[in-house]
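Hi everyone, thanks for coming. Today I'd like to walk you through one structure, so please have a look at it with me.

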Amino acid sequence: QVQLQESGPGLVKPSQTLSLTCTVSGGSITTSYFAWSWIRQPPGKGLEWLGVINFDGTTGYSPSLKSRTSISRDTIKNQFSLHITSVTPDDTAVYYCARGEVAGDEFDYWGQGIQVTVSS
């Protein structure tokens, strides 16, 4: 059974960098052909896909956030991380990590989500 768990600060100040980590158990993030995504849901809005890191380390990002977003991984710890720079209150959301397949548009495993609030 694959499990994903988000971790990181629940409160970030405006203009700072938001960094979250997803720890994966029950499966390796390097296993072909899985893709590991970050998704968020702002209050009162729908889900927004932010970006992905694939089993081979390649990455992809939402065009709307590409200039501020990066995703990295630690294959030893079986973790992948999200970094968003220069955050504003509009970045307040519940952040999820999830597993899909390369070139796919569905997710079969999700983390429980972590609330991140951007406020001074």
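**Rings and charges**

Let's start with the aromatic rings: the count comes to six aromatic pairs. One of them is formed by Tyr96 and Trp110, an edge-to-face pair with 5.8 Å from centre to centre and 85 degrees between the planes. Why do I quote two values? Because a pair of aromatic rings is described by the distance of the centres and the angle of the planes. Before we go on, please keep in mind that this is a predicted model.

Now find the two partners along the chain. Tyr96 sits in strand S9 and Trp110 in strand S10, residues 107-110, so this pair links distant parts of the chain, 14 residues apart. Are they buried or exposed? Tyr96 has 17% relative accessibility, and because the cut-off for buried is under 20%, Tyr96 counts as buried. Trp110, with a relative accessible area of 35%, is partly exposed.

There is also an aromatic cluster, made of Phe34, Trp36, Trp38 and Phe80. Which residue lies over the face of Phe34? That is Arg99, at 3.7 Å from the ring centre.

That brings us to charges. How many salt bridges does a search of the whole structure find? The search finds four. Let's begin with Arg40, whose side chain meets that of Glu48 in a salt bridge, 2.8 Å from N to O. Arg40 is buried, at 5% relative accessibility, whereas Glu48 is partly exposed, at 24%.

Arg40 also forms a salt bridge with Asp91, and here the closest N and O atoms are 2.8 Å apart. Arg40 belongs to strand S4, residues 34-41, while Asp91 is in the loop between S8 and S9, so this pair ties together parts that are 51 residues apart in sequence. Asp91 is buried too, with a relative accessible area of 1%.

Asp91 has a salt bridge with Arg68 as well, with 3.0 Å between the closest N and O atoms. Arg68 is in the loop between strand S6 (59-61) and strand S7 (69-74), so the pair ties together parts 23 residues apart in sequence. Arg68 counts as partly exposed, at 21% relative accessibility. Put together, Arg40, Glu48, Arg68 and Asp91 are linked in a network of salt bridges.

One last stop: Asp90, in the loop between strand S8 (79-84) and strand S9 (93-101). Asp90 counts as exposed, at 64% relative accessibility. Asp90 and Pro43 are 47 residues apart in sequence, and their C-alpha atoms are 9.7 Å apart in space.

Methods:
Residues are numbered from 1 along each chain as its sequence is written. This is a predicted model: local features need pLDDT of at least 70, side-chain atom pairs count only at pLDDT 80 or more; totals for chains, interfaces and linings use all residues. Side-chain values use heavy atoms; hydrogens and water are left out. Helices (H or I, at least four residues) and strands (E, at least two) are DSSP runs, numbered from the N terminus. Buried means under 20% relative accessible area, exposed over 50%, partly exposed in between (1.4 Å probe, protein chains only). Rings of Phe, Tyr and Trp (its six-membered ring) pair if their centres lie within 6.5 Å; planes under 30 degrees apart count as stacked, over 60 as edge-to-face and the rest as tilted. A charge sits over a ring if NZ of Lys or CZ of Arg is within 6 Å of the ring centre and within 35 degrees of the ring normal.
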